[in-house]
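Subject: Structure for your review

Dear colleague,

Please find the structure below, together with the sequence. My notes on it follow.

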Amino acid sequence: MEIDAAASGAVLKRERVRDAILELIEERQPGDAIPSERTLCAELGVSRPTLRAAVDELVVAGLLVREHGRGMFVAAEKITQELVSDRRAFSLPQAAGAWTSRLLEIRTLPAGARVGRKLRMSPAARIHYVARLRLVDGAPMAIEYLHVPADLVADLTSEELEQGDLYAHLAERHDVRVSEAVQSIEPTVVTRAEADLLDVPELSPALLFERLTADTTGRPVEYVHSLYRGDRYRIVSRLTLGPRGQTPPPGQGQGAGQGHHPGIPPGDFTTKDPVTLSTRGVVQDGM
């Protein structure tokens with residue numbers, strides 16, 4: 001396959017411009033202005049279309065913000081959640097910022113076929129359906145939709161859903177102790193209604209989390225799908241590929257199958273036995 005030299009050159013030039021702007025961003029604080037397009041074009045020796053293409057990428061990535069008539073500014077820092085591997089415990093480190101919840105809806109209704117399959121229960125069995133908005137330092141960050149078997153948890157109060165860690169409430173008030181989860185993560189965009197709740201433009205990038213959580217007996221206790229702002233939420237993975245100071249044999253790297261979910265910050269839960277969390281980029285069957 002022949003590579004178009006002109007197209008390749010344009011891509012490389014845009015990448016160099018992007019790197020130069022990233023350096024400017026790293027030197028500044030959130031809310032600080034960066035030089036105007038005219039100034040950047042002159043300093044970097046590029047055309048305005050090339051510069052705008054690079055800036056557009058950084059705006060979509062949530063690193064820059066355009067304000068009409070004012071210029072370009074460094075965006076607010078992203079909320080970072082680490083994926084870490086721990087053979088001894090399944091724990092969820094706290095994500096950055098002060099997390100709060102606002103209850104949008106709570107109902108008790110039949111599970112239906114799809115959720116019933118997830119929770120291994122009859123479609124006619126009752127579940128608690130909860131929709132809540134998650135905020136970080138007062139700014140909307142995610143919309144969460146929870147499905148919990150009603151026969152497992154007699155009721156869920158507004159206090160439990162808006163204050164503290166839900167998993168802690170399940171353990172302390174309902175004797176439900178979560179142990180492991182299978183979660184998928186994939187990119188998506190927000191609808192108009194979701195955009196209004198999250199205070200972002202329609203069709204903005206987002207991360208879709210879907211998680212099925214089980215208790216210490218392996219019984220499904222919660223099915224959740226959550227929509228996180230793509231411009232403010234970032235996942236960082238730390239993978240263990242082998243013992244320190246040693247090179248593992250080919251094909252025997254460790255850590256790829258172990259980790260934990262980032263979908264419900266903050267809070268944590270642990271188990272005495274090692275657990276495995278599968279994080280996939282493709283929605284599981286039936287989701």
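Ser 122 is partly exposed, at a relative accessible area of 41%; the class covers values between buried (under 20%) and exposed (over 50%), with a 1.4 Å probe and protein chains only. Ser 122 sits in the loop that connects α4 (112-119) with β5 (126-136). Its C-alpha atom is separated by 7.3 Å from that of Ala 111, eleven residues away along the chain. Helices (H or I, at least four residues) and strands (E, at least two) are DSSP runs, numbered from the N terminus.

This is a predicted model, in which local features need pLDDT of at least 70 and side-chain atom pairs count only at pLDDT 80 or more, while totals for chains, interfaces and linings use all residues. Residues are numbered from 1 along each chain as its sequence is written, and side-chain values use heavy atoms, with hydrogens and water left out.

Arg 134, in strand β5, counts as buried because its relative accessibility is 4%. Its side chain makes a polar contact with the side chain of Ser 101 at 2.5 Å (a pair of N or O atoms within 3.5 Å; within protein, one must be able to donate a hydrogen and the other to accept it, and residues adjacent in sequence count only if both atoms are side-chain atoms).

In strand β8 (residues 205-215), nine of the eleven residues are buried. β8 pairs with β7 (residues 178-189) in the antiparallel sense over eleven bridges, pairing being defined as at least two DSSP bridges between two strands. Pro 205 in β8 is the bridge partner of Val 189. Nine bridges join β8 to the antiparallel strand β9 (residues 220-229), where Leu 227 stands opposite Leu 208. The hairpin of β8 and β9 has four residues between the strands, and Gly 218 takes a positive phi near 90° there.

The largest pocket has a volume of about 410 Å³. A pocket is an open set of points on a 1 Å grid over the protein atoms alone, where a 1.4 Å probe fits, with protein on both sides within 12 Å along at least five of seven lines; lining residues have an atom within 4 Å of a point. The volume is the space filled by probe spheres set on the points, which are joined across faces, edges and corners. This pocket is lined by 20 residues, with Val 59, Gly 62, Leu 64, Pro 201 and Asp 231 nearest its centre. The largest share of the lining, three residues, comes from β1.

Kind regards
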